[in-house]
Amino acid sequence: PIHKVKAPKVPNELLDPISLEDVNALVATCKQSFSGARDKAMILGLLDTGARAQEFLNLNLEDIELATGAVVIRRGKGRKPRMVFLGRKTLRAIRTYCRFRQDTNSALWVSVHDERMTYTALRGLLRRRAQLARLDKLHTPHAFRRAFALVMLRNGVDVFSLQKLMGHSDLQVLRRYLAQTDADIQ
């Protein structure tokens, strides 16, 4: 009898991405220090890769090719590896951050105590930067992933390439990220 029962309709709530103005405001708070260089590189890297927070934090130094901007995400969701790419501005920020590093940790993102950054540390970093930038809204790491998807779509990337970049196995999952505005449709 349970086969005859239909699943309830779940409302499809639109999730807001971080605006590029907010990203610029966050980056503007980053000074020339170890933590400032790291935070700038992380903020830009989150936006450029569209990676999930844990995928991003699991990156090692050998996973990124600074010459081409190619980044291998080895342990994606479902343990599926994929490749994403960084822009020139983000690559410059990562090179600057790497010059500040004095440790031998294999992790790309390390704390001031030379340990791999955690999700809690990433949330704290975004919260501190939002307070310094006097932003009204506190953005989660996933807001950068949503912004990545929308920016890529607006810049003409086809949905199948975007699906591969984001590591989705189904286009239905991608649809939640692509909440287009009326201006986009026009």
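Analyst: Let's begin in β3, where V84 is the bridge partner of V71. This is a predicted model, so local features need pLDDT of at least 70 and side-chain atom pairs pLDDT 80 or more, while totals for chains, interfaces and linings use all residues. Residues are numbered from 1 along each chain as its sequence is written, and side-chain values use heavy atoms, leaving out hydrogens and water.

Strands here are DSSP runs of E with at least two residues, helices are runs of H or I with at least four, and both are numbered from the N terminus. Two strands pair if DSSP finds at least two bridges between them; β2 and β3 run antiparallel and are joined by four. They belong to an open three-stranded sheet ordered β1-β2-β3, with β1 (64–65) and β3 (82–85) at its edges.

Now for the largest nonpolar core, which has 46 residues. Such a core is a set of buried Ala, Val, Leu, Ile, Met, Phe, Trp, Tyr and Cys residues joined through side-chain atoms within 4.5 Å. Buried means under 20% relative accessible area, with a 1.4 Å probe and protein chains only. F144 is among the core residues with the most contacts inside it. Leaving aside residues up to four places away in sequence, F144 touches I18, V23, L26, I43, L46, L47 and L126, contact meaning heavy atoms within 4.5 Å.

F144 is also one of the buried residues of α6. Ten of this helix's 14 residues are buried, so α6 is largely enclosed by the rest of the structure. Just after α6, G156 has a positive phi of about 95°.

Note on methods:
Buried means under 20% relative accessible area, exposed over 50%, partly exposed in between (1.4 Å probe, protein chains only).
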